[in-house]
Amino acid sequence: MLITSLDSPEKIWPKLLGELQQGVAEASHPFRYLTLATQGLHFPQVRMVVLREITSSLQLVVFTDFRSGKVSELIEKPRASLLFYHPTKKVQVRIKALASVHAGDEFAQGYWRSLAAHNRKEYTSLLAPGTKLNGPEQGTAWNEKENFFTVIAFSPLSIEVLQLSKQGHLRLEFDQASAWQGKWLAP
Ligand SMILES: Cc1cc2nc3c(=O)[nH]c(=O)nc-3n(C[C@H](O)[C@H](O)[C@H](O)COP(=O)(O)O)c2cc1C
């Protein structure tokens, strides 16, 4: 359990942020991965991504390839939803956020400089993600000179937490508009 009915929203907020930060710090933490939902052209789109950082201004940072579908979707419609689940603590976290896409700017370059060579390679594929191939070997050709490294920063508008519990589920919403004051919701 991350939270109990005895905790106040003020006490839960730092606990929640601490747990999300652990997703960044620990490779095996379940919050290392999140489901990112975007508004696609014809369908809602979902996919797993890695949580790379949570900045001091509470932006959640994800790395990707500029040519991937999620980038054009977020440039067109920057409203996104992020979903986390911790199976041992039985906690779901849902975040509504506005995305900003960074490619080639100082924000993105700071992260690029911190990447090891083998990690940089992931953003240098010759063919754009999702390109149709004649065979799998075509997908492992690398571009020596150009990279498509892109950082997406998600600024949360609301963060909702659901704690599953045999004693009764607990649900709260924290929203940016009220300076992250938490309110209990019916689960
Ligand atoms: C566990 C896991 C972690 C992933 N992490 C990332 C990631 O951090 N960034 C990324 O662009 N794609 C990541 N992917 C791949 C995406 O889920 C997705 O397949 C790819 O980015 C193309 O998505 P799009 O066409 O919707 O943009 C990950 C996939 C899995 C299964």
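A residue counts as buried here if 20 or more other C-beta atoms lie within 10 Å of its own, and as exposed if 12 or fewer do. The model is a predicted one.

First, the overall picture. The protein chain has 4 helices and 9 strands. From the N terminus on, they run α-β-β-β-β-α-β-β-α-α-β-β-β. The C-alpha trace spans about 55 × 35 × 30 Å along its principal axes. Of the 187 residues in the chain, 22% are buried. Among contacts with a separation of 6 or more, 56% join residues 24 or more positions apart.

Now helix α1, residues 9-25. Which residues of α1 are buried? They are I12, L16, E19, L20 and G23. Seen down the helix axis, these buried residues fall within an arc of 95°, so they line one face of α1. As background, an α-helix has 3.6 residues a turn, so residues three or four places apart point the same way. The buried residues of α1 pack against β3, β7, β8 and β9. On the other side of the helix, E10, P14, G18 and A25 are exposed.

Last, the ligand. There are 14 residues around the ligand, and R47, T64, S68, G69 and K70 come nearest. At least two shell residues come from each of β2 (44-50), β4 (60-65) and α2 (69-76). Which element gives the most to the shell? That is β2, with 5 residues. By class, the shell has 7 nonpolar, 5 polar and 2 charged residues.

Conventions
Residues numbered from 1 in each chain as written. Predicted model: local features only at pLDDT ≥ 70, side-chain atom pairs only at ≥ 80, totals over all residues. Near = placed C-beta within 6 Å. Nonpolar A, V, L, I, M, F, W, Y, C, P; charged D, E, K, R; others polar. Arc of directions from axis to C-beta. Contact = placed C-beta atoms within 7 Å.
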